[in-house]
Amino acid sequence: PQGDSAGAEVTGKLEKLEKLWKDIEAGAAQRGQYLEEVLAKAKSFWSELDQCQKAVDDLRVRLETMEPATGQPVQLQAQQATMHDVNAEMGKTEPRIAALTQAGAELASIIPAEEKAVVDAQVGAVHQGWNTITRLFAEKNRDLVAAMDDAMAFHGDLQMLLGWLDGAEKHAAQLPIPEQLKIDDIPVLLDEIHKFKDEIDQ
């Protein structure tokens, strides 16, 4: 009958409509899942980037403003402690940069080419900053060690000089008073004075 045929046609169209709707829902769910994944990876990347940039900038400033306190052992020791702290911070920062690189690679794999270029540029800038820090650290550490060696050498020379002056003072105190000398003793005293002067000149 015509009614049955029309009913079957309507049923068929409804079934097709239902299937289409399910396909749309599945596609939307899949697209939503993809966008959530992109968003999560983007958040992870920008968070890592922010932390790395702050850490790199802080380390760079600390290293750039440090000049070895030449000839001042106490300040040099304080600077050595600062360098130790900087080295510890560098040890914490390096894994963060590795995490940033990984987060950038994961994000770049699911975004358009033009956005990938931005991500790559940001990661590259952090790596460049890190290379500057490692170079600065090596230079400042070398200069600090050299300044410490010079300070210790100066301290050693100063102690030797103070020891010699103490001995010279005792030697001078033991010389007889000229007014109390006999005429025959004067040549002996003059000879001792000449020897003492020669020691001072050396």
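Helices here are DSSP runs of H or I with at least four residues, strands are runs of E with at least two, and both are numbered from the N terminus. This is a predicted model, in which local features need pLDDT of at least 70 and side-chain atom pairs count only at pLDDT 80 or more, while totals for chains, interfaces and linings use all residues. Residues are numbered from 1 along each chain as its sequence is written, and side-chain values use heavy atoms, with hydrogens and water left out.

**The overall picture**

- The protein has 4 helices and 0 strands, so its pattern along the sequence, by the DSSP runs defined above, reads α-α-α-α.
- Of the 202 residues in the protein, 21% are buried; buried means under 20% relative accessible area, exposed means over 50%, and partly exposed lies in between (1.4 Å probe, protein chains only).
- The accessible surface comes to about 14300 Å², and carbon and sulfur atoms own 57% of that surface. Such areas come from the Shrake-Rupley method with a 1.4 Å probe, and for residues only the protein chains shown count as cover.
- Contact means heavy atoms within 4.5 Å. Among contacts between residues at least 6 apart in sequence, 78% join residues at least 24 apart.

**The nonpolar core**

- A nonpolar core is a set of buried Ala, Val, Leu, Ile, Met, Phe, Trp, Tyr and Cys residues joined through side-chain atoms within 4.5 Å.
- The largest such core has 30 residues, and those with the most contacts inside it are F45, L63, M90, L100, V126, W130 and I133.
- Which elements give two or more residues to this core? They are α1 (2–64), α2 (73–108) and α3 (113–174).
- Helix α3 gives the most to this core, with 10 residues.
- Leaving out residues up to four places away in sequence, L63 touches M83, V86, I133, L136, F137 and K140.

**A look at F137**

- F137 lies in helix α3.
- Is F137 buried or exposed? F137 counts as buried because its relative accessible area is 16%.
- Apart from neighbours within four places in sequence, F137 is in contact with L63, M83, V86, N87 and M90.
- F137 and L59 are 78 residues apart in sequence, and their C-alpha atoms are 9.2 Å apart in space.

**Buried positions in α2**

- The buried residues of α2 are L76, Q79, M83, V86, M90, T93, I97, L100, A103, G104, L107 and A108.
- Let us pick out Q79, which lies in helix α2 and counts as buried because its relative accessibility is 15%.
- Which residues does Q79 contact, leaving aside its neighbours within four places in sequence? They are M66, E67, P68, A69 and L144.

**Salt bridges**

- A salt bridge is a side-chain nitrogen of Lys or Arg within 4 Å of a carboxyl oxygen of Asp or Glu, and this rule gives a count of 9 salt bridges.
- K54 pairs with D50, with the closest N and O atoms 3.4 Å apart. The two are separated by about one helical turn because they are 4 residues apart in helix α1.
- K54 is exposed, with a relative accessible area of 56%, whereas D50 is partly exposed at 36%.
- E64 pairs with R60, the closest N and O atoms being 3.2 Å apart. Both lie in helix α1, 4 residues apart, about one turn of the helix.
- E64 is partly exposed at 41%, and R60 is partly exposed at 29%.
- K116 pairs with D120, and here the closest N and O atoms are 2.9 Å apart. Both lie in helix α3, again 4 residues apart, about one turn of the helix.
- K116 is partly exposed at 35%, and D120 is partly exposed at 38%.
- Salt bridges that share partners join D57, R60 and E64 into one network.

- Patches are made of residues with over 30% relative accessible area and no salt bridge; like charges are joined within 9 Å, and nonpolar side chains (Val, Leu, Ile, Met, Phe, Trp, Tyr) within 5 Å.
- V10, L14, L17, L20, W21 and I24 make a nonpolar surface patch of about 620 Å².
- I24 lies in helix α1 and counts as partly exposed because its relative accessibility is 45%.
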